[in-house]
Every structure is written in C-alpha cells, then in structure tokens.
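Please consider the model shown here. The paragraphs after it give a guided account of its architecture.

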Amino acid sequence: MWLQYGVDKDGTLVCIENIARGKTTLKCPYCSSHLIAKKGKLKEHHFAHHGETCLPVKSRQFPVIPLYESFNIHLSGKDLEQLQLLWKEYGLKNYPISSGLVSHNLLKAEVLKKNVQIVPFGYEFTDLGKIPVQALDLMRFNEVQEPLLLKKLLKLELAVDHATHRNTLDLSHRFTDLILYRTQLKRILSSTLYFLQIQTNQGTLHKIGVTQRSVEERVIEVERDLLKHYQNVTIQILGSWQHRGNVEKYFKHRYQEFNYPIGSLTEYYKFNSKYANHVLSDLQNMRPKVLSSIELDILADHTSLG
Ligand SMILES: [Zn+2]
C-alpha cells in the first residue's frame, strides 16, 4: 500500500481523498518531509515525498488494515494459483480435498483445514481461505476481519508500550505506526456503506460506495456524475450500513466480474435482476454494526502527531 495520510499543522492526519492533487502543506508522519498529493488515474491515490522518500514509507512498512485493500492473505502467486484451482475443483462443489493436493504453505496460511469427519480424512476451505477466491459472504467476512483488526491494534499498542518502557530510539516511529493505524480504523468506522440501484435509459446499474456524509447527499453527486453519460437517471437507495466502511473493497473484490466502468467511474456494477437480489441479500445479511468500547474510543479519538 502507498502512503495515504499526511500530517497537517495541528498534527492531525489527513487522508489523500480529502485533499486536492499537487503540492500540499502536509508532512510525512514519519520524517516530516513535505508531501505532494498524487491523484492520477492509473496508480492508487497517494502522497509522495517532495525530496527523498524515507525508509518506513519506501519499504512500505507502515501498518495497514488487515483484509482491507488486499485479499491474497500474503500468499505467493504460486500458492494463490493452487488455492484458486482447489476452489474450482473441490471447494465450489463441496468435495473434500485429499492430503496429497494440500501444500504445507496453504496449511500454514490457515486457508485449508482438516475435516476428520470424512473417512479417509480430507481437507476443506476455512472462512479465511474463501476470501481470496471471492467465496466468503459479507457477513462472515466481517466475522473474520474484525478480530484481526483488533489484534493488530493491540500489537501496535504493545510495541509503543515496550518502546516507552525501554526508552528505545524507535519510540516515535512506533507511536506514528499506532496513530496511523487508529486513523485508518477511524475512517472506516465513520463511513457508511451504501448500495444503489440506478435506472438509466440504457438499463439498470448498481453502485456500491462509502460516504462520511449522508447517503442522500452522496446520491445527488452520483446523479450528477451519471447525467454526463446517460439521458435519464433514477436512483433508489437499496440499503445503507453505518460503520461498515471496511466492507466496500471486499465487495469490489467479491463481485469484480460484474464491475461495469463508466468512463472514469469505477464503482458501478451490472447484475441481472435475479443476481442483483442475491447481492442485496448478501449485504442485508450483515447485522447492524454494534460498536465496542474500543471502537467508540477510536471514533472519539483526537490524538495528534504534534
Ligand atoms: Zn517520510
């Protein structure tokens, strides 16, 4: 992942999406260099250093949210290919996988597990293993991802505690890691996921998205965007889910094959009407998000890097 946050003069982290492209007054959270907002069409939007890139950013060793941007669970290309093949041949049909087909790497990554109820025993996909192959439903995706988010938060907090205790040189680096991570969590927790059905003069489309404002406000912009491409546009809000910003990118991964780009607009989908109902129930099966005390604390967070 690329650097997506810069620090303003008050020490607050600002996301690339909330800033115009080009020179900024923001600084790198790690080395305080001036940042330039790169918002082109090809690469993911990110901040670049005005001068030389510092090591934490260059080596991309700053913390990112687990299962948020990338869904390959750190599998190598070869392992991923094997997993996809196993899904097509066995997982999809619910057939047990014989041990001869299961590599050590896949077991270590916990994407497959032994099922002793089958004799002779075989292997099956874990919920985690269904994520790279786009097969895990949205509700269970939340159940897999949420504990990982908290586990990583605890790890980063511990690293700060250790560094504080021993007064080590990397204390400021560890502290930046923690603030950067909490800021990313705050962003997804304060986002509302929405799903729209759009009737145009050329057929029906769907759109997934997140907003930190009201969905109605966002719909006005969506309509304006679409009227550049269609003569008639009627938008219906099929659903909105508070605090579920974590799901948007997994949704895009899961329903990739139905993606329908319109010019530079990329969050549109073309489903047939039967499948659209399936997608809607996938979303509706997610229980309303109940915030834990840690999450409430993160949402109320005003910690700065001053
Ligand atoms: Zn830097």
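The coordinates come from a predicted model. The protein is divided into three parts: domain 1 covers residues 1-62, domain 2 covers 77-130, and domain 3 covers 192-284. Between the C-alpha centres of domain 1 and domain 2 there is a separation of 40 Å.

Next comes the sheet. Four strands form an open sheet in the order β10-β8-β9-β11, and their pairing is antiparallel. Strands β10 (233-242) and β11 (268-269) are the edge strands; each has a single partner strand, so one side of each remains without a neighbour in the sheet. The link between β10 and strand β8 (residues 192-200) consists of nine bridges, with the two strands running antiparallel. Within this pairing, Q199 has T234 of β10 as its bridge partner.

Two helices lie across strands of this sheet. Helix α7, residues 215-226, lies across β8, β9 (203-211) and β10, and its direction makes an angle of about 145° with β10. Helix α9, residues 273-284, also lies across β8, β9 and β10, but runs at about 30° to β10.

Which residues does L185 contact, leaving aside its neighbours within four places in sequence? The contacts of L185 are with I65, L149 and I298.

Technical notes. Residues are numbered from 1 along each chain as its sequence is written. This is a predicted model: local features need pLDDT of at least 70, side-chain atom pairs count only at pLDDT 80 or more; totals for chains, interfaces and linings use all residues. Two residues are in contact if their C-beta atoms, placed from the backbone, lie within 7 Å. Two strands pair if DSSP finds at least two bridges between them. Axes are lines fitted to C-alpha atoms, for helices over the stretch in contact, and angles run from 0 to 180 degrees between N-to-C directions. Domain bounds come from an automatic or database domain assignment.
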